[in-house]
Amino acid sequence: MPAETKQARVRRLSHLLERDHSLNGGILFGLDGYVVEIQARAMSVLNAPTPWRLATGITGMASGTVREALDRIAGAFRKCRIPDPDVEILINLTPATLEKDGSWLDLPLAVIMLQAAGMLPDLPEHREGDFVLLGELGIHGEIRRVPGPSRSPTAPGPDRS
């Protein structure tokens, strides 16, 4: 089978460049919870499939732990045999003024990366805001619970009488 030309590859994948993707994730900042809108867009068709970590950029005050999510996601995708993307992906986390920290955004980042790469369908636009996705990904592909704020040992517990 002859190798696909760059022109043919761009023609085959150009529809991905026209799509908008949005999901809601959530983070804790201190004891307060915040909804983070996660936007993604395929920016360009790559010459060849490229590792997820290299094909994906994140903007919007993402801390080092959120950037580490790309490594966890890449490991999970490899374990699940999800192929590398054919497009460069840009992800924006809003509001940009709120620093994003922790592993709460792993799951929504993974989902939106798959949507931007054309591997998962989008939610219908009228349903996008109905859900908030939270979860940490392990490099073996498992979805893990994320920690909430710890209760003080002196805080009253539930009434068990």
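Modeller: Let's start with a rule: two strands pair if DSSP finds at least two bridges between them. The strands themselves are DSSP runs of E, at least two residues long, numbered from the N terminus.

Biologist: Okay, and what am I looking at?

Modeller: It's a predicted model, where local features need pLDDT of at least 70 and side-chain atom pairs count only at pLDDT 80 or more, while totals for chains, interfaces and linings use all residues. Residues are numbered from 1 along each chain as its sequence is written, and side-chain values use heavy atoms, leaving out hydrogens and water.

Biologist: Why are S1 and strand S2 (residues 32-45) said to pair?

Modeller: Nine bridges join them, in the antiparallel sense. The rule asks for at least two, so they pair. Ser22, for instance, has Gln39 in S2 as its bridge partner, and Leu23 stands opposite Ile38.

Biologist: How do you know that S2 pairs with strand S4 (residues 87-94)?

Modeller: Eight bridges link these antiparallel strands, with Ala40 partnered by Ile91 in S4.

Biologist: What makes S1 and S3 edge strands?

Modeller: The open sheet runs S1-S2-S4-S3, with mixed pairing. Strand S1 (21-29) and strand S3 (56-59) each pair on one side only.

Biologist: Why is Phe29 called partly exposed?

Modeller: Its relative accessible area is 44%. Buried means under 20% and exposed over 50% (1.4 Å probe, protein chains only), so a value in between is partly exposed.

Biologist: Which residues does Phe29 contact, beyond neighbours within four places in sequence?

Modeller: Tyr34, Leu98 and Glu99, where contact means heavy atoms within 4.5 Å.

Terms used: Helices (H or I, at least four residues) and strands (E, at least two) are DSSP runs, numbered from the N terminus.
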